[in-house]
Amino acid sequence: ATLGLVLGFPFMLLIALLVRAESPGNVFFSQERLGLGGKRFRLHKFRKFPATWGTVGPGVTVAGDVRMTRVGRFLERTKLDELPQLWNIFKGEMSFVGPRPESVKYAGLFEGKFQGVLDFLPGIFGPNQVAFRNESAMYPPEEDPEQYYKRVLFPQKAKADLDYFSQSHCMGDLLWVF
């Protein structure tokens, strides 16, 4: 993470300048997420929406989301908005490979068999980050996106996380990073 932060600094500085030039406000989006054991921490990303939107809209990003800036659309497609999470890894709140850290808004979904997902340190890479790379396109337009997430996508993600991370190994983790 330290090496990534040092080598990536010029690139992250350029992204920060682009975010700020298009939309005044904080360059970073920081949100409380659930980490290992359900412990809360602040996850950092480059901001994809104008700062004036605040928490307006669903807690998930859907295809063609009107809240997204032009730079934000590019960041989402390339996943470069995730680069500031190297800081979360440096601090020990995340790892490179692990389940995606969920928003505390959805903490109630970690019940029963899905509670085991919180037994693993969250990460930037993993099966769900690949399988749901284009998650924003998976929401049916006729359904409420948050309800669809809770009912369909979250259970699929939690099952995949439990299946993989309960038997993960170093080589498998390297493949997910690749």
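**Charged pairs and the overall fold**

Guide: Lys 45 has a relative accessibility of 11% and therefore counts as buried, where buried means under 20% relative accessible area, exposed over 50% and partly exposed in between, with a 1.4 Å probe and protein chains only. Keep in mind that this is a predicted model, in which local features need pLDDT of at least 70 and side-chain atom pairs count only at pLDDT 80 or more, while totals for chains, interfaces and linings use all residues. Residues are numbered from 1 along each chain as its sequence is written, and side-chain values use heavy atoms, with hydrogens and water left out.

Visitor: Which side chain meets that of Asp 81 in a salt bridge?

Guide: Side chains of opposite charge can pair when their charged atoms come close. A salt bridge is a side-chain nitrogen of Lys or Arg within 4 Å of a carboxyl oxygen of Asp or Glu. Here the side chain of Asp 81 meets that of Lys 45, at 4.0 Å from N to O. Asp 81 itself is buried, at a relative accessible area of 1%.

Visitor: What is the N to O distance in the salt bridge between Glu 82 and Lys 45?

Guide: The distance is 3.6 Å, and this pair links distant parts of the chain, with Glu 82 in the loop between α2 and α3 and Lys 45 in strand β2, 37 residues apart. Glu 82 is buried, and so is Lys 45.

Visitor: Which residue does Lys 105 pair with, and how many salt bridges does a search of the whole structure find?

Guide: Lys 105 forms a salt bridge with Glu 146 at 2.5 Å, N to O. That pair joins distant parts of the chain, with Lys 105 in the loop between β3 (95-97) and β4 (123-125) and Glu 146 in helix α5 (residues 145-165), 41 residues apart. Glu 146 is buried, at 16% relative accessible area. Through shared partners, other salt bridges join Lys 45, Lys 48, Asp 81, Glu 82 and Arg 100 into one network. The search of the whole structure finds 11 salt bridges.

Visitor: In what order do the elements run from the N terminus on?

Guide: The order is α-β-β-α-α-β-β-α-α-α, for six helices and four strands, which are DSSP runs numbered from the N terminus (helices are H or I, at least four residues; strands are E, at least two). The radius of gyration is 16 Å, close to the 16 Å that the globule rule gives for 178 residues, so the protein is as compact as a globular protein of that length; the radius is taken over C-alpha atoms, and the rule is 2.2 Å times the number of residues to the power 0.38. Buried residues make up 43% of the 178 residues.
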